[in-house]
Amino acid sequence: MWRTGRVLRLRLTATGEASLCSSKPANPSLSPSPQSNSSPRSQADKQRRRRQREDAILSNAHSTAEEEAVGWSEKQTMVYAAQTPPGTKKDARSPFPSSYCPQYVESSWYQWWEKEGFFRPEQHEELSHRVDQTFALCLPPPNVTGTLHLGHALTVAVEDALVRWRRMQGYRVLWVPGCDHAGIATQTVVERRLLRDRGKRRQDFTRKQFLREVWKWKEETGEEIYHQLRRLGASLDWSRACFTMDPAFSRAVTEAFVRLSDSGLIYRSEALVNWSCALGSAISDIEVDSKELSGRTMLSVPGYDEEVEFGSLLTFAYPLEGHDGEVAVSTTRPETMLGDVAIAVHPDDPRYQCVHGKQCRHPFTNRALPIITDAMVDMELGTGAVKVTPAHDHTDFLLSQRHSLPRVTVIGGDGTMTPPCGKWLEGVKRFDARQLIVDALVEKGLFRGKKTHPMTLPVCSRSGDIIEPLLKKQWFVRCDEMAEKAIQAVEDKQLEIIPHYHTKTWNNWLSNISDWCISRQLWWGHQIPAYQVVFPNATDKQELWVWGQTEDDARHRAAVKYGVKPEDVTLTQDPDVLDTWFSSGLFPFAMLGWPEQTNDLQRFYPSSILETGSDLLFFWVARMVMLGTELTGQLPFKQVLLHSMVRDKHGRKMSKSLGNVIDPLDVIHGVSLEVVSHLSLPSAPLQSKDFPKGIPQCGTDALRFALCSHKMQGEDISLSISEVLSCRHFCNKMWQTLRFTLGVLGDNTTPVGTLEETSAVSSLDRWICSRLYSTVVECERALEAYELHAVTSALYSFWVHSLCDVYVEHMKPALVLPDTQVAPSILYHCVSTSLALLSPFMPFITEELWQRLPRAAAHSALCLQPYPRSAQLAHWHFPVEEKDFLLVQEVIRVARSLRAQCAMTKEKPAMWAVCSASQAQVLHRFGSAVWTLSRISNLHIYSPGAEPLPRVHSTPPPVGSLVGVVDHTCQLHLYIQVCTNRMLQLSQRREKLLPKLEKLLCRVRSPDYLSKAPAHVRQQMDTKVSAAMCHHWLDIFYDIQYSKAMGNKVKV
């Protein structure tokens, strides 16, 4: 109700009276305002602006009011010291600490929840309010190599809120945790560890020995992510935890490969793949980062001692065969020119009309290069003539298919030049060969120049290596038919994507999908269950392949397929492993036991919803939809809920290179500045500025509530620690409210009536009851629409602005007087119902506080109580009181503003309300609230021309009162003698302030001020001038009020 940050301004009425009004309050939601879309800019401009933004963040000039306004100091840490064996219930009868401490609150509860099996779907049978409905989903499996970041924390906060809400509604709930084996990342981590600790490389081990080392590492470190998930309060069914390399899951992967191969959807072919020479493997599109270069740039590349130049466009000439003249071509990759097999020009380019159908001669390989025409060629790029290198460029590969061109591989998988390049280049590293080729072109007189050139460079996200497109024989998934089914499922509304604007992108991407390369040249992962077949004395060099559940199954298939005896078949399994995304795409049904028809699969498949980041819509979500539909005949889930990306408070993507990645546990437990700087050494200055005192201990509940308070369906989330700290303050507000409630209830042995038995008597009781009803209605609506930010906003507003600021504050003075049982009962139910509403978002503090309420069941938990329903509170709905109290709130606000003008603290003056007859009725009904919350001794209601209200003293306000305007029909009048002395003091202070202000302005306006004064001095002067101006105008304002109070005319 009483919000800070309002802008006060002076308004003069037609009669010359001064009054106070305020601007509309800001939206209480923590969600940032959407940013306007910027117009398209060049890559160079983007780079420049990005650098300027980074410089501004690090500079002293970039200071935020937020950092100055939200301060924190080390709080006393309280530890729950009672003897509570792990898994036993926390003792809620222990002394109630005086203030909230996350460490105290969050101890012991999760172990009890987990041991009691509260998170398992079997618990559903024990619920008295159970319904025959199921809610199932899987947690997007994080990589086994990493730790969780704030993006994972958002996923957990959102999914756990939905899971806990449905569980409290009586649904049979299954939320399955999992972990992805992360083929490339895990193998890289283990290889580095072996090299660091034992000085050995992967090639020093057999495959079996190396995999044993990987499993050993996994057993040592793999539980770290599960520990973090428990600390975040995730109510997962740990008995069903799933790892993608578990035996059961591996059988599902094999079954999927075999079925898809049998149906012709998996095939083997030679095609270009994204190759990382540093890893020695193909990688998926999602593991390729696009680095934008504005021009010539020197970059470090793994395996090279010196930096390599990129962002330059080189031009050289190919001589025409049998004719005078040449054709000049431009390229950013001259090292691939040894693999050129043709030159392409646009058929309509007038510069090359005379060379159509002719040939050029390669200066190094002596290969004839036909000049072909194709509309794919960009006439405006370079010379308009394009060298065609099918084995090392995706566009050139398409040209080779259309024009039946050969494909010559000149760069090997290890990044060195191959034998077809000639002895002078064979074995030379690709970027070293680049300069050798340029030198040779210069020597032959064929080099035509070099210029800077903006470009996009594909970089391996795992190794930092420059991606090399290489021609490899790999296994591919045919995606076109499956993609059509996925598109149709959305169009037929069998699958809903939320927010709906992602549907257009879904259709566009799947309509242009290419076949999916699923081969990876690794040892860690699911080895492809395909076998090359060799027969005795075979002379045919054609590759023959079969697949099977086991090698024996494959042998039997080969014997049947080729009409031979099984003993005559020699099989060699493909050494490659499957893309990690292939196994991840099976997760929604493989986690339930597929291909076996388990009870879990029959009961919980398809899942109710999939919630994940919008960046995984295609790499993971689309593949789950395609594979699930193909292998099970059903969509894997009915809805897809996508959340936005979590950025830092400056709006930048969190990344290790920027040093702005925040561990959720650091926010929960707090961490010193020294630790923060050590964890992000590249950006220690930035971290010192963002966290000058380190990161405060905020707790799990505050972090979850802050994340859910952002609108996740739309713009990205710029999260600052100050927001989380504000939510911790909210936790303390809840803590103090319960202490007050227990004090009101006291040791009274009279049981509190049930919610159905409790009815409101006074107008304020009816108002708070109706506010609770409206809050429950808003929570129901918003949760069904997955608008969690609206739920958190409604709950925060009710607890702080309605319950605490109004109802509790009104009750405090009345506690010394005899009272009925009605008010404590209403307070009890408002608190207990609000705790239940907040439980899905803040599970620890709500459980702690609920367990301390008198009626809490001894062996029950809040997380299993019925979620409040508006139908239960229908008898608490009083819309008239809610509407009328808006006037009361505004009256109280204006009354407090008038008191603030006179710097009153303890005095309680009398107040007159001059208003219409209808407003008089409202103020009379809520008179007690107005007296108490306005801090006045008496309220006189005067309605000119209307019949006086019974038992109401109705006289005009005294002359010389201080006046405040509520609206055009309601004014408040205060007459305070002490205010006269205060106004005289302010007037005298203004007389002293004016000379100082004039002196400051004289210095600032001097001609040499901007050129000679240092920046920090100018900043200090600006602060002083602003403060002096503020005091000056406030004093003028108070003088006007003083003049009015004395009966003088006001002139402005």
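Which cysteine sulfur is closest to the sulfur of Cys 830, and how far away is it? I am working from a predicted model, so I take the distance as computed. I found the closest cysteine sulfur in Cys 769, 5.5 Å away. A disulfide needs its two sulfur atoms within 2.5 Å, so this pair is too far apart for a bond. By that rule I count zero disulfides.

Is Cys 830 buried or exposed? I noted Cys 830 as buried, because its relative accessibility is 0%. Cys 354 went down as exposed, with a relative accessible area of 58%.

Then I turned to the sheet. I read an open sheet of three strands, ordered E21-E29-E28, with parallel pairing. At the edges I noted strand E21 (496-498) and strand E28 (607-613), each of which pairs on one side only. On average, neighbouring strands of this sheet are turned by 20° against each other, direction ignored. As a reminder to myself, strands of a sheet pair through backbone hydrogen bonds.

I looked at one pairing in more detail. E21 pairs with strand E29 (residues 637-643) in the parallel sense, over three bridges. Across this pairing, I found Ile 498 opposite Leu 641 in E29.

Which helix packs on the sheet, and which strands does this helix touch? I wrote down helix H18 (residues 617-632), which touches E28 and E29. The direction of H18 makes about 165° with that of E28.

Conventions
Residues numbered from 1 in each chain as written. Predicted model: local features only at pLDDT ≥ 70, side-chain atom pairs only at ≥ 80, totals over all residues. Heavy atoms only, no water. Buried < 20%, exposed > 50% of the residue type's maximum accessible area, 1.4 Å probe, protein only. Pairing = 2+ DSSP bridges. Helix = DSSP H or I, 4+ residues; strand = E, 2+ residues; numbered from the N terminus. Axes fitted to C-alpha atoms, helices over the stretch in contact; angles between N-to-C directions. Contact = heavy atoms within 4.5 Å.
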